[in-house]
Amino acid sequence: MRYHAGRHFLQIPGPTNVPDRVLRAIDMPTIDHRGPQFQTLALEVLDGLREVFQTRQPVVIYPASGTGAWEAALVNTLSPGDHVLMFETGQFATLWKKMADRLGLKTEFIATDWRRGADASVLEERLRADGAHSIKAVCVVHNETSTGVTTRIPPLRAALDRAQHPALFLVDTVSSLGSIEYRHDEWGVDVTVSGSQKGLMLPPGLSFNAVSAKAREASRTAKLPRSYWSWDEMQASNTQGWFPYTPATNLLYGLRESLAMLREEGLQNVFARHRRHGEATRRAVRAWGLEVLCAVPEEYSNSLTAVMTPAGVDADHVRKVILERFDMSLGTGLGKLAGRVFRIGHLGDFNDLTLLGALAGVEMGLAAAGVPHRRGGVQAAMDALGEQDAGGAAHGGTAPSDAAAAAGSAKDPAGAGARRAA
Ligand SMILES: Cc1ncc(COP(=O)(O)O)c(C=O)c1O
């Protein structure tokens, strides 16, 4: 492969760029995971993680990718044949559902057009119809990384409560934790699933379950077989700062550093920064004359944007040109979106100039790949950043043009775009 001078632009929606501070923190001798130095480290990160999940409940750390934490959430709380309600918001929701099927759960999958999040009124209606309470869990992906749609979690919790339904509430935050507001306790979530390689700015390899008291109670009677993923041994060891098996020691050093960085910036400022960059990215997409896949402005993801290419334009060709010419990786279209969208990751260790560099790469790439578009996306993004500063939205805040887009989308409703996407 040809050598590319300068740093590669890793603008997929995770794994994200790992800051030098975190790389340096990981670059340490591995220590005895049964020794006192490790114990201090473990207690520190187990405690620090709770701030990011916004919980007082225990958080379990697995030496695994996010998929492992999905499995842990299911096998610790459910029994063979249990009825589980899931929302087909995109490819990751689909994979989680496939896993549930393989584990022997009885899944019910509520379809969407992959351009919107899970609908609270649909959930409420379905739960009210389940008078016998046969549904044991509701599983939702908070931020669908395949579509760039963020499901609003509080209305779903409210739907469960209004229907007075006892189902467990399981939420995947793999691509939202540490970049989009998320509150495990306040939002009444029973198991929150997450991973290290996105908002937490770490390499892949760690994943998490934040676990409510109700979920721990359910785990006492849940019958799905589990051993490696079992919370009970993990939690018994964790309370003393130990793990029941060998932990990913050096990634935990990195985690300590990334938690310190998030604390230094302030979680609310981290969320505001992501809102700011999400808005500026969408402004660029509209200026190019292209369409954001997410059809509901209130559900725009602030960690990534999926951009639809015009009919007949292979999005993977555009990505290939951008990689070869500008050494930037963008996310591919997944599942039924293959070839239809490319995804710009704007999460993690990311600032205004990273954003503008990434958008310049896309704009030049659209021209180089011969995609019909208008120029001026980078300028539109700069204007958006400037307006947000002028508006005092301290590197974040409400996005006026998103409100305008909301009005616009009423004129161009789900229909046309949704059919194109499907
Ligand atoms: C929303 C979401 N859930 C689950 C996963 C699966 O995580 P992993 O690939 O780390 O196993 C991903 C991966 O990107 C994801 O984006």
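**Aromatic pairs and a helix face**

Modeller: This is a predicted model. Phe 243 has a relative accessible area of 4%, so Phe 243 is buried.

Colleague: How many aromatic pairs does the structure hold?

Modeller: Rings count as a pair if their centres lie within 6.5 Å. By that criterion the number of aromatic pairs in the structure is seven.

Colleague: How are the rings of Phe 38 and Phe 243 arranged, stacked or edge-to-face?

Modeller: Planes over 60 degrees apart count as edge-to-face. The ring centres of Phe 38 and Phe 243 are 6.0 Å apart and their planes stand at 70°, so the pair is edge-to-face.

Colleague: How many residues apart in sequence are the parts that Phe 38 and Phe 243 tie together?

Modeller: Phe 38 is buried, at a relative accessible area of 0%. Phe 38 belongs to helix 2 (residues 36–53) and Phe 243 to the loop between helix 8 and helix 9 (249–265), so the parts tied together are separated in sequence by 205 residues.

Colleague: What is the arrangement of the rings of Phe 53 and Phe 208, and which elements hold these residues?

Modeller: The ring centres lie 6.1 Å apart with planes at 75°, so this pair is edge-to-face. The pair ties together parts 155 residues apart in sequence, because Phe 53 lies in helix 2 and Phe 208 in strand 10. Both Phe 53 and Phe 208 are buried. The arrangement is edge-to-face, and the elements are helix 2 and strand 10.

Colleague: Is Asn 209 buried or exposed, and which side chain joins that of Asn 209 in a polar contact?

Modeller: Asn 209 is found in strand 10 and counts as buried because its relative accessibility is 0%. A polar atom of the Asn 209 side chain lies 3.5 Å from the backbone nitrogen of Ala 73. The side-chain partner of Asn 209, in a polar contact of 3.0 Å, is Trp 231.

Colleague: Within what arc do the buried residues of helix 7 fall?

Modeller: Helix 7 (residues 213–221) has Ala 215, Ala 218 and Ser 219 as its buried residues. They line one face of the helix, because seen down the axis of helix 7 they fall within an arc of 105°.

Colleague: Which residues are exposed on the other side of helix 7, and which residue caps its N-terminal end?

Modeller: On that other side, Arg 220 and Thr 221 are exposed. At the N-terminal end, a side-chain oxygen lies 3.3 Å from the backbone nitrogen of Lys 214, and the capping residue is Ser 212.

Methods:
Residues numbered from 1 in each chain as written. Predicted model: local features only at pLDDT ≥ 70, side-chain atom pairs only at ≥ 80, totals over all residues. Heavy atoms only, no water. Buried < 20%, exposed > 50% of the residue type's maximum accessible area, 1.4 Å probe, protein only. Helix = DSSP H or I, 4+ residues; strand = E, 2+ residues; numbered from the N terminus. Arc of directions from axis to C-beta. Polar contact = N/O pair within 3.5 Å; in protein donor to acceptor, adjacent residues only side chain to side chain. Phe/Tyr/Trp six-rings, centres within 6.5 Å; stacked < 30°, edge-to-face > 60°.
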